[in-house]
Amino acid sequence: MACSKLFFSCLLLQLTFLFLVPEVAHGQGLKVGFYQKTCPNAEAIVKEVMGQVMSVAPSLSGPLLRMHFHDCFVRGCEGSVLLNSPTNQSEKNAIPNFSLRGFQTIDRVKTALEKACPGIVSCADILALVARETVLATGGLSYDVETGRRDGNVSILNEALNDLIPPTTNITILKADFAKRGLSVKDLVVLSGGHTIGTSHCSSFSDRLYNFTGKGDADPTLDSKYIARLKLRCKPNDQTTLVEMDPGSVRTFDIKYFDLIQKRRGLFTSDSALLDDSETKAYLDLQIKTGGSTFFEDFGVSMVKMGRIGVITGTAGEVRKVCSKVN
């Protein structure tokens, strides 16, 4: 999901928000087909534009899927990751979000929707619908997306630094961070499966190669042959090179990612951590043994649950005319 440092004070703030407005945190006001009367072709428009984009830029699938994650885990699913700041102090300017690409795609979808139904479809809903289309375009199953989100008008760089879960996170913290957002241990392992598509900067895992304990060593839980291969791509202090999270299958939504973790080739510490819990490991084993018998459907279910985090509905917030700025 992203590399960052966690700050306890902001986590307490997030928890306080969730407890103060539980009806918002649990997605009240969302429903499948929210725009059926006000913009009946909304989802078809998103599908059409995404089909055009994926046909010429399939490498955007990973970043566009991740954009929905990064939005939901900071302030909830209300489109704050899309906002620009004249002083470069919005969420998209935080280091964990440097890997996000495809903001122009979101703008392209928004422009098409504004032409058809001015002021109706929120940018937050666009992120959720685009994520579904990227899954479908890369070989995953479609799923019904709940819509009805409104857009927030606040985006703060430090909140992204504090709230996005870093790739260095262990299983205990992973479970706690998902639980406070209303997501289960199963949701954790299922949504981690989103790493089946996309790439990562070397800086997100280089410590596992060169300085795992601060003594110039490598992570002993990482396969030694995989370490050697990664070192050929990533030199110390490399901040720019991109590496496939699911080598050889980077643009295909499949279960190879789980197979890699079992072989001790999960790219991030947070990937390898899925072997450290009996429930997450059992899920990995089941999907590998059965060829992903339930993963594709499970992913849709967990995405819907994630899409309910901290939503703004009803008359709160706004529906932005341009996704990168407040009205």
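This is a predicted model: local features need pLDDT of at least 70, side-chain atom pairs count only at pLDDT 80 or more; totals for chains, interfaces and linings use all residues.
User: Let's start with the overall shape. What makes the radius of gyration of the protein agree with a compact globule?

Analyst: A compact globule with 327 residues would have a radius of gyration near 20 Å, and the protein has 19 Å, so the two agree. Along its principal axes, the C-alpha trace spans about 55 × 40 × 35 Å. The fold is built from 15 helices and four strands.

User: How many of the residues count as buried, and what does that word require?

Analyst: Buried means a relative accessible area under 20%, and 54% of the 327 residues count as buried. As for the surface, the protein exposes about 14,300 Å², with carbon and sulfur atoms supplying 56% of it.

User: What share of the contacts links residues 24 or more positions apart?

Analyst: Taking contacts with a separation of 6 or more, 77% of them come from residues 24 or more positions apart.

User: And where do the charges sit on average, relative to each other?

Analyst: The protein has 37 positive and 34 negative charges, and their mean positions are 3 Å apart.

User: Now the cysteines. Why are Cys39 and Cys117 called a disulfide?

Analyst: A disulfide needs two cysteine sulfur atoms within 2.5 Å. The sulfur atoms of Cys39 and Cys117 are 2.1 Å apart, so the pair qualifies as a disulfide. The structure holds four disulfides, and this pair is one of them.

User: What makes the disulfide of Cys39 and Cys117 right-handed, and which parts of the chain does the pair tie together?

Analyst: The torsion about the S-S bond is about 75°, so this disulfide is right-handed. Cys39 lies in the loop between β1 (31-32) and α3 (42-56), while Cys117 lies in the loop between α5 (103-116) and α6 (123-137), so the pair ties together parts that are 78 residues apart in sequence. Cys39 and Cys117 are both buried.

User: How do you know that Cys72 and Cys77 are joined?

Analyst: Here the S to S distance is 2.0 Å, and the cut-off is 2.5 Å, so Cys72 and Cys77 count as a disulfide. With 120° about the S-S bond, their link is right-handed. Cys72 and Cys77 are each buried.

User: Is the link of Cys123 and Cys323 left-handed or right-handed, and what does the pair tie together?

Analyst: Their sulfur atoms are 2.1 Å apart and form a disulfide. The torsion about the S-S bond is -95°, and the link is left-handed. Cys123 lies in helix α6 and Cys323 in the segment after α15 (295-306), so the pair ties together parts 200 residues apart in sequence. Cys123 and Cys323 are both buried.

User: What pattern do the disulfides follow along the chain?

Analyst: Counting bonded cysteines along the chain, the pattern is 1-4, 2-3, 5-8, 6-7.

Key. Residues are numbered from 1 along each chain as its sequence is written. Side-chain values use heavy atoms; hydrogens and water are left out. Helices (H or I, at least four residues) and strands (E, at least two) are DSSP runs, numbered from the N terminus. The radius of gyration is taken over C-alpha atoms; the globule rule is 2.2 Å times the number of residues to the power 0.38. Buried means under 20% relative accessible area, exposed over 50%, partly exposed in between (1.4 Å probe, protein chains only). Contact means heavy atoms within 4.5 Å. Accessible areas come from the Shrake-Rupley method with a 1.4 Å probe; for residues, only the protein chains shown count as cover. Lys and Arg count as positive and Asp and Glu as negative; His and the chain ends are not counted. The place of a charge is taken as NZ of Lys, CZ of Arg, CG of Asp or CD of Glu.
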